[in-house]
Structures are given as structure tokens and as C-alpha cells.
Amino acid sequence: DCDLRAYQIDPTSNARVRATERLDAGLVEAGRWAELAELLEQRAADAADPESRAELLLRLGAVAWRELDALDVASAAWQAILDLTPGQLRAYASLEAMFQAAGDQDAHDALLCWALDRAPWAQLDVSSERRASLLVRLARQREARGAHAEGYQAWLLLGELNPNHPDARDW
């Protein structure tokens, strides 16, 4: 509790790093997940560099999802990383795993579309195989929920991308 108050009073002090590390470890050990999430959110807001901010937001998302069942907080944390760094695969994979586990097909569909549009690692000039994998997953997901016309569009895009792709041939 003293470490939390010290951090809140002066987050820029030299003792901050040590206090924050002790506080972080203590909150994890005590299972005080809501307070840890609050601390991670504060630290991410105070982070001086994008890499530190991303690491803190990754942890915030994991704590929010796994320990607090706060999918909205987790989603916001991981989406904030993707807004800053669209190529961040860990944030993308975390969002995808959470949406799949929650059965949120609409959010998963939107994430797949986001990746096709904005993720550097899914662009044609970087990896046609990754792009093809996203299109296959998108097409299958859309068909599974009965959106056949939208699934058809994804299959067409896959056929244009790689007519010899095994899934494009089977379709």
C-alpha cells in the first residue's frame, strides 16, 4: 500500500523504479489484480518510450482478460498497441485468442479485416502466405456464421492472390 501511494504521489521520482517493481511483484503475489491493472495503466500512460508502453499494455491486457475477465479493458489495451505499432504480433495474437475464446465472431472478423488492411506483416509485399492464411480464416468464419456472400468475397480474394493455394482449389 505504501508503494502504491508513493507511486501515485510522485511517479517521476528516482525511487519510482524500485517502488514500482516491489509494488508490481507484491500485487501479483497477493492476487490483487484490479490494483495491478490500475498500476499498469498508470505506468503505461507515464511510459517515456513506445516499447515500454507496449510491454505494459501487453501485461495490462493479459491481467484484464485472464484475471479480471474484463474483455473490454484487455481489448482496449491491445488495440492501443496496434494503433501505435500495427506490426505488433503479440498484441494481434492476444486479441485474436481472446475473441476466439469468447466466441465473439464479429470482433474476430473485424480484427481479421484490420490485419488485411493495416498490419504490415500481412501485406502482399511482405508475406502472401500470411495474407492467404488470414483470407482462409476470414472466409471460413464468415461461412460458419451464415454470411455466405461475405465468405465468397474472401474466397475470391484468395483466388486472386494465389489461384494454386490448396484452399482456393478446394473451394
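Glutamine 88 is located in the loop between α5 and α6. This is a predicted model, in which local features need pLDDT of at least 70 and side-chain atom pairs count only at pLDDT 80 or more, while totals for chains, interfaces and linings use all residues. Residues are numbered from 1 along each chain as its sequence is written, and side-chain values use heavy atoms, with hydrogens and water left out.

**Glutamine 88**

- With a relative accessibility of 15%, glutamine 88 counts as buried (buried means under 20% relative accessible area, exposed over 50%, partly exposed in between, with a 1.4 Å probe and protein chains only).
- A polar atom of the glutamine 88 side chain lies 2.9 Å from the backbone nitrogen of arginine 90.
- A polar atom of that side chain of glutamine 88 also lies 3.0 Å from the backbone nitrogen of alanine 91.
- Apart from neighbours within four places in sequence, glutamine 88 is in contact with Leu58, Ile81 and Leu82 (contact means heavy atoms within 4.5 Å).

**Aromatic pairs**

- The whole structure contains 3 aromatic pairs (rings of Phe, Tyr and Trp, the last by its six-membered ring, pair if their centres lie within 6.5 Å; planes under 30 degrees apart count as stacked, over 60 as edge-to-face and the rest as tilted).
- Tryptophan 65 and tryptophan 78 form an edge-to-face pair, because their ring centres are 6.1 Å apart and their planes stand at 85 degrees.
- Tryptophan 65 belongs to helix α4 (residues 50-67) and tryptophan 78 to helix α5 (residues 71-84), so this pair ties together parts that are 13 residues apart in sequence.
- Tryptophan 65 and tryptophan 78 are both buried.
- Tyrosine 92 and tryptophan 114 form a stacked pair, at 6.4 Å centre to centre and with 20 degrees between the planes.
- Tyrosine 92 is in helix α6 (residues 89-102) and tryptophan 114 in helix α7 (residues 105-118), so the pair ties together parts that are 22 residues apart in sequence.
- Tyrosine 92 and tryptophan 114 are both buried, and Tyr92, Trp114 and Trp121 form one aromatic cluster.

**The protein as a whole**

- The protein has 10 helices and 0 strands (helices, H or I with at least four residues, and strands, E with at least two, are DSSP runs, numbered from the N terminus).
- Of the 171 residues in the protein, 40% are buried.
- The C-alpha trace of the protein spans about 65 × 30 × 20 Å along its principal axes.

Conventions
Polar contact = N/O pair within 3.5 Å; in protein donor to acceptor, adjacent residues only side chain to side chain.
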